[in-house]
Amino acid sequence: MAEPVVLLHGSANGAGSWRTVATALTQAGKEVFCPDLVGYGKAPKASDAYSIDEEIAHLVAELDRQWIDRFHLVAHSLGSMMGLHARRVLGARVARLTLLDPVVVSILRVPGEEAALAEMEAQYHRFMDALPDQAAAARAFVEHWSGPGTWDVLGDKVHAILAGLAPKLRVEMTAARTDRTPLSSLAEAPPESTTVVVGENTLVAPRAVGRLLAGALGGKTIVVPGARHMLPITHPGAVVEAVLANEPS
């Protein structure tokens, strides 16, 4: 029986960000599960002591609640960090990986990746310096990943949603920044197959993270022409193609 595909979203994007991708995969005959991370959708809010461990415990509980055993994990942005940490708990249950413009700050703390780490540090400080103005912080976050002017075209309803997510973004970014898990630990016992997908016009950090993860996990890399960071929303067709290509033949 074919393994389910689990779609794990990134920061400021709940499970709904996978809508187009999930529909296409379902139409292709795949069983798809899109869990919300802590603080998104119907998931519980983050605790005062939020950590990566809290996020992973929630994710594992959601998978167990759905009776999902072995599966193909597809993760975007910071969801890749959460997915890789979850794999340390789940082991061989993660049969294959497709990582989309991955963001994993801890593996950038090595010689040669100073520019990528500096980019993430600059983003962190812009966001934190904008607080307690949640809308300003959300704007800084959105325009870092999607480019200047993006905020202005989103509309008031989306502005309110994103501003409301600022507290969760704050603890996510802090958890990512303080994590010190090395690449060797995240890449231990690689899954059967790994594909890393990056946007041609993405930022320095996800490009570096993608290169490091593909090398450590023995995976292949796909570059999506013209794409930036938000691949599941802007280039769902390319995402679906990459996921299906990473399925058993």
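Q: What order do the strands have in the open sheet?
A: S2-S1-S3-S4-S5-S6, 6 strands with parallel pairing. Strands are DSSP runs of E with at least two residues, and helices are runs of H or I with at least four, numbered from the N terminus; two strands pair if DSSP finds at least two bridges between them. This is a predicted model, where local features need pLDDT of at least 70, side-chain atom pairs need 80 or more, and totals for chains, interfaces and linings use all residues. Residues are numbered from 1 along each chain as its sequence is written, and side-chain values use heavy atoms, without hydrogens and water.

Q: Which strands stand at the edges?
A: S2 (32-33) and S6 (220-224); each has a single partner strand, so one side of each has no neighbour in the sheet.

Q: And how many bridges join S1 to S2?
A: S1 (residues 5-8) and S2 run parallel, joined by 2 bridges. Across from Val6 you find Phe33 in S2.

Q: Switching to pockets: how much space lies in the largest pocket?
A: About 630 Å³. A pocket here is an open set of 1 Å grid points where a 1.4 Å probe fits, with protein on both sides within 12 Å along at least five of seven lines; lining residues have an atom within 4 Å of a point. Volume is the space filled by probe spheres on the points, joined across faces, edges and corners.

Q: Which residues are closest to its centre?
A: Of 30 lining residues, Ala12, Asn13, Leu162, Met230 and Ile233. H5 gives the most to that lining, 4 residues.
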